[in-house]
Amino acid sequence: RQTREQETPPDFFYFSDYERHNAEIAAFHLDRQVEWICIKRKGEILILDFRRVPPVAGRLVNMTREIRDVTRDKKLWRTFFISPANNICFYGECSYYCSTEHALCGKPDQIEGSLAAFLPDLSLAKRKTWRNPWRRSYHKRKKAEWEVDPDYCEEVKQTPPYDSGTRILDIMDMTVFDFLMGNMDRHHYETFEKFGNETFIIHLDNGRGFGKYSHDELSILVPLNQCCRIRKSTYLRLQLLAKEEYKLSLLMKESLLKDKIAPILYQPHLEAMDRRLRIVLKAVSDCIEKDGYDNVVENDFNTDVNTVTTER
């Protein structure tokens, strides 16, 4: 519904923003981008990455041959129609925005999309859904508690599962990830059920990222500003991506060129990530100045950073 160059209209609320297939693709590359970055120290290699977004790739889909003519879902099949412009359209079935007015239309039946793989299947590895403590109100007039209480993080840190383990640090990673994309729509998150609190957050549902390149939504960074906590590995990674030789925008651009429907992001979106990265580093720096390095930066390395080797 949007071209690469278009921004989210300024009068749109975050909960009525478009879902963008290219945002899902770019989020996957951003999440794994640091796979290509290495710091060499004394002959050993430290690889820096999150890898919490399931694989996503862009594809040009023939809606007639690859969806309508092969689906066994009669409800889905009934939502296909031919528009006044003689394009094939469909709207599917969902709770919101599944109507003729919000249909997806091809040209005439070709449409770009993002395809996501999730392994393992739910039958093999159940997932648990959690309400994000910094969830927005999803209301035109009401504010969420975290928006009016500057000490909100202290309450969160006393509440399971955030009172033990690494979950609060996972939230900080997700906060940085969302801020770089401009994603305000992180209302819930998921984890693998089997591992309880000894697991990581899965970064699903990133379609409302990369909506605005001319605006940095500072409210996304509130969890980091309130909690003043961050992993050492994340902090080092961000510092590295701020260096000219490892510039985030250039690495993202190179990585995204590998996708079949490249270019994925408009150049100003790439440049916005560099700008937002500087804002994140300034926020961490302010926290360190206020609370001290050891109280802000959590050392998540088992041994000295210069001798750690990550094997995959």
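Lys157 and Glu154 are both part of helix α5 (residues 152–157), where they sit three residues apart, about one turn of the helix. Helices here are DSSP runs of H or I with at least four residues, strands are runs of E with at least two, and both are numbered from the N terminus. An α-helix has 3.6 residues a turn, so residues three or four places apart point the same way. The side chains of Lys157 and Glu154 form a salt bridge, with 3.2 Å from N to O. A salt bridge is counted when a side-chain nitrogen of Lys or Arg is within 4 Å of a carboxyl oxygen of Asp or Glu.

Lys157 is partly exposed, at 24% relative accessibility, and Glu154 is also partly exposed, at 40%. Buried means under 20% relative accessible area, exposed means over 50%, and partly exposed lies in between (1.4 Å probe, protein chains only).

## Basis of the model

The model is predicted: local features need pLDDT of at least 70 and side-chain atom pairs count only at pLDDT 80 or more, while totals for chains, interfaces and linings use all residues. Residues are numbered from 1 along each chain as its sequence is written, and side-chain values use heavy atoms, with hydrogens and water left out.

## Other salt bridges

The whole structure contains 17 salt bridges. One of them joins Asp170 to Arg231, with the closest N and O atoms 2.7 Å apart. This pair links distant parts of the chain, since Asp170 is in helix α6 and Arg231 is in strand β10 (residues 230–231), 61 residues apart. Both Asp170 and Arg231 are buried. Salt bridges also link Arg52, Asp170, Asp173 and Arg231 in a network.

Asp286 and Lys282 are four residues apart in α10, which separates them by about one helical turn. Asp286 is partly exposed, with 34% relative accessibility.

An unreviewed UniProt entry annotates residues 80–297 as "domain: FAM20 C-terminal". UniProt positions are given in the numbering used here, feature names are shortened, and annotations may be inferred rather than shown by experiment. Over residues 80–297 the chain is 36% helix and 12% strand, and the C-alpha atoms at the ends are 52 Å apart.

Helix α9 spans residues 248–256, and its buried residues are Leu248, Ser249, Leu251, Met252, Ser255 and Leu256. Viewed down the axis of α9, these residues fall within an arc of 165 degrees, so they line one face of the helix. The arc is taken from the directions between the helix axis and the C-beta atoms. The buried residues of α9 pack against α1 (21–32), α6 (167–181), α8 (232–241) and α10 (267–291); contact means heavy atoms within 4.5 Å. On the face turned away from the buried side, α9 carries the exposed residues Leu250 and Glu254.

## A three-stranded sheet

Three strands make an open sheet in the order β4-β5-β6, with antiparallel pairing. Its edge strands are β4 (81–82) and β6 (104–105), each pairing on one side only. Two strands are taken to pair if DSSP finds at least two bridges between them. Strand β5 (residues 88–90) is joined to β6 by two bridges, and the bridge partner of Cys89 is Cys105 in β6.

## His269

His269 lies in helix α10 and is buried, with a relative accessible area of 2%. Its side chain reaches the backbone oxygen of Phe210 at 3.3 Å. Apart from neighbours within four places in sequence, His269 is in contact with Arg4, Phe210, Gly211, Lys212 and Tyr213.

## Annotated binding site

The unreviewed UniProt entry places the feature "binding site" at Glu19, Ala116, Ala117, Phe118, Leu119, Glu190 and Asp205. These positions span 187 residues in sequence and their farthest two C-alpha atoms are 22.8 Å apart, so they do not all gather at one spot. Phe118 lies in the loop between β7 (110–116) and β8 (127–131) and is partly exposed, at 25% relative accessibility. Leaving out residues up to four places away in sequence, Phe118 touches Pro54, Arg127, Phe192, Ile202 and Leu204.

Glu190 lies in strand β9 (residues 188–192). Its side chain and that of Arg127 are joined by a polar contact of 2.4 Å. A polar contact is a pair of N or O atoms within 3.5 Å; within protein, one must be able to donate a hydrogen and the other to accept it, and residues adjacent in sequence count only if both atoms are side-chain atoms.
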